[in-house]
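Dear colleague,

I am handing over the structure we spoke of, and below it you will find what came out of going through it. Please read the notes with the structure open beside you.

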Amino acid sequence: AFRLSAMREDSGVPGRDEVTKSGWGIAPSLGFGLGEATRLRLNYYALRQDNVPDYGIPAYSSSSQFPRQVVPVDPSNYYGLKDIDHERVTVDQANLSLEHDLQQDITLRANLGWLRSDTDRVVSFIENVSPTATNPYNRSTKSHVTNDESFQASTDLSAKLGKGFLKHSINAGLEYSRQVSRFGRATLGTPPAVADINNPNP
């Protein structure tokens with residue numbers, strides 16, 4: 001048996017200039033021996049995204065004002081840098097599952113799973129906004145690059161014993177898993193030093 005699921009996204013964010021979301025995903029699944037004593041399933045999942053992130057409209061707060069106050073500007077203003085800011089996401093996941101019925105009520109299962117996720121994000125914004133600050137404002141850029149990878153293997157045995165009103169279920173198994181996470185920052189050039197809060201010119 002074979003099954004395929006897929007998706008595609010290419011959209012913006014209503015009311016926000018320059019902000020976009022673009023990506024696709026695919027998830028094929030293949031099964032052998034369904035309904036038989038030995039069954040094998042293979043699953044794969046892939047996701048790709050290439051977005052323009054957004055920190056939204058600037059806000060400020062003071063000791064006498066809470067919650068934060070939104071700056072009265074055009075709500076469509078984008079305060080990032082469209083040629084620098086990005087969010088690129090890559091996800092790959094694979095799984096293998098094998099089942100075998102040793103007897104009618106005794107089943108042995110083995111599973112293998114692998115997952116890798118990568119994110120590269122750069123976001124720019126204006127900082128130190130306040131009612132007393134002078135326009136234009138300084139612009140700042142943040143970045144982070146992450147990589148997460150995991151592996152999992154498990155084997156278990158399940159059995160149903162007994163007859164009539166007295167029945168028992170037995171489950172026993174072993175599992176091994178390993179996960180590695182890495183974090184870093186992208187090397188960036190110097191962004192434009194200032195931005196006009198009313199006309200940010202991304």
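A strand, as the word is used here, is a DSSP run of E of at least two residues, and strands are numbered from the N terminus. Please keep in mind throughout that this is a predicted model.

Overall fold

The secondary structure comes to 0 helices and 10 strands, so that from the N terminus on the elements run β-β-β-β-β-β-β-β-β-β. The protein has a radius of gyration of 26 Å, whereas a compact globule of 202 residues would have one near 17 Å, and the C-alpha trace spans about 80 × 40 × 30 Å along its principal axes. Among contacts between residues at least 6 apart in sequence, 63% join residues at least 24 apart.

F32, for its part, is found in strand β2, which covers residues 20-32, and F32 counts as partly exposed because its relative accessibility is 42%, which falls between the limits of 20% for buried and 50% for exposed.

Aromatic pairs

A search of the whole structure finds 2 aromatic pairs. In one of them, Y55 and F125 are stacked, at 5.0 Å centre to centre and with 25° between the planes. This pair links distant parts of the chain, with Y55 in the loop between β3 (38-51) and β4 (59-62) and F125 in strand β7, 70 residues apart. Y55 is partly exposed at 49% relative accessibility, whereas F125 is buried, with a relative accessible area of 13%. The rings of F151 and Y176 have their centres 6.5 Å apart and their planes at 55°, so this pair is tilted. The pair again links distant parts of the chain, F151 lying in strand β8 and Y176 in strand β9 (residues 166-184), 25 residues apart.

Salt bridges

Side chains of opposite charge can pair when their charged atoms come close. The count of salt bridges comes to 12. One of them joins D120 and R88, at 4.0 Å from N to O; because D120 lies in strand β7 and R88 in strand β6, the pair ties together parts that are 32 residues apart in sequence. D120 is partly exposed at 22%, and R88 is partly exposed at 40% relative accessibility. D156 forms a salt bridge with R109, the closest N and O atoms being 3.5 Å apart, and since D156 lies in strand β8 (residues 137-163) and R109 in strand β7, this pair ties together parts that are 47 residues apart. D156 and R109 also take part in a network of salt bridges that links R39, R41, E99, D101, R109 and D156. The side chains of D118 and R116 meet in a salt bridge as well, at 2.9 Å from N to O, with R116 partly exposed at 29% relative accessibility.

Note on methods: Residues are numbered from 1 along each chain as its sequence is written. Side-chain values use heavy atoms; hydrogens and water are left out. Helices (H or I, at least four residues) and strands (E, at least two) are DSSP runs, numbered from the N terminus. Buried means under 20% relative accessible area, exposed over 50%, partly exposed in between (1.4 Å probe, protein chains only). The radius of gyration is taken over C-alpha atoms; the globule rule is 2.2 Å times the number of residues to the power 0.38. Contact means heavy atoms within 4.5 Å. Rings of Phe, Tyr and Trp (its six-membered ring) pair if their centres lie within 6.5 Å; planes under 30 degrees apart count as stacked, over 60 as edge-to-face and the rest as tilted.
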